[in-house]
Amino acid sequence: MKGRKVGVPQGTNVEYALSRMLASAQLSAADVTVVNLAPNQVTSALARGDIDAGVTFPSFYDAARTALGGSYAELPFTGYTARTLLVAGPSANEESTTAVLRTLLRAQRELVADPAGARKAVLTQSKGALQTGYVDTYQPRYTYGAALSPELLAQLEDEAAWAKAAQNLPGAADRAALLRYLDPGPLTAVDPAAVTVR
């Protein structure tokens, strides 16, 4: 990859994933030319030859596979786990946040009990934004659960340090700074075993 052009939506977790991929090959962003592209522009840039590789969101993989045909290659990378964070604003209270978490955990149980029904519900809620093939292929790859763990905190700390350096952001990005913004109360109320950060 050294010296190649890589398209990526800059400022996103996908760019952070690229940094992890490069680091696994003892490279950095300085060893490639990073081209800032919207997620839906990566495929067309690859097809035109404007970039040599691209990193985008999974919902664009099928379009890339179709557009690139035999030139398409997917390189799996296990060195980064994308996570969805529940972020509440200052006006949120513990009761409403706990209710949201209780609903998420109920949905998780329903997904395990009826995976086909869950995929159908996802397709219905997407209102055409997602296709059946995509949901059938990628839903089983996701791990569902809610946790506030040391592993999550370590990943947040690493990603915050990366964002601070990559985007020249002010402020602290260490564990103590992150802990000031984490509230274990709602998740502890719903599933005490899910909170292992102390």
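Predicted model: local features only at pLDDT ≥ 70, side-chain atom pairs only at ≥ 80, totals over all residues.
Student: How many salt bridges does a search of the whole structure find?

Tutor: Side chains of opposite charge can pair when their charged atoms come close. The criterion for a salt bridge is a side-chain nitrogen of Lys or Arg within 4 Å of a carboxyl oxygen of Asp or Glu. The search finds nine. In one of them, Glu74 meets Arg141 at 3.7 Å, N to O. Glu74 lies in the loop between helix H3 (61-68) and H4, and Arg141 in the loop between helix H6 (132-138) and H7, so this pair ties together parts that are 67 residues apart in sequence. Helices are DSSP runs (H or I, at least four residues) numbered from the N terminus.

Student: Which residues are linked with Glu74 and Arg141 in a network of salt bridges?

Tutor: The network also holds Asp62 and Arg65.

Student: Is Arg141 buried or exposed?

Tutor: Buried means under 20% relative accessible area, exposed over 50%, and partly exposed in between (1.4 Å probe, protein chains only). Arg141 is exposed, at 54%, and Glu74 is partly exposed, at 31%. Val195, in the segment after helix H9 (185-190), is buried at 2%.

Student: Where do Glu157 and Arg175 lie?

Tutor: These two residues form a salt bridge whose closest N and O atoms are 3.5 Å apart. The pair links distant parts of the chain, with Glu157 in helix H7 and Arg175 in helix H8 (residues 175-179), 18 residues apart. Glu157 is partly exposed at 25%, as is Arg175 at 34%.

Student: What is the volume of the second largest pocket, and which helix gives the most to its lining?

Tutor: Rolling a probe the size of a water molecule over the atoms shows where empty space is left. On a 1 Å grid over the protein atoms alone, a pocket is an open set of points where a 1.4 Å probe fits, with protein on both sides within 12 Å along at least five of seven lines; lining residues have an atom within 4 Å of a point. A volume is the space filled by probe spheres set on the points, which are joined across faces, edges and corners. Here the volume is about 170 Å³. Helix H7 (residues 150-166) gives the most, with four residues. The lining includes Asn13, Tyr80 and Leu152.

Definitions and conventions:
Residues numbered from 1 in each chain as written. Heavy atoms only, no water. Helix = DSSP H or I, 4+ residues; strand = E, 2+ residues; numbered from the N terminus.
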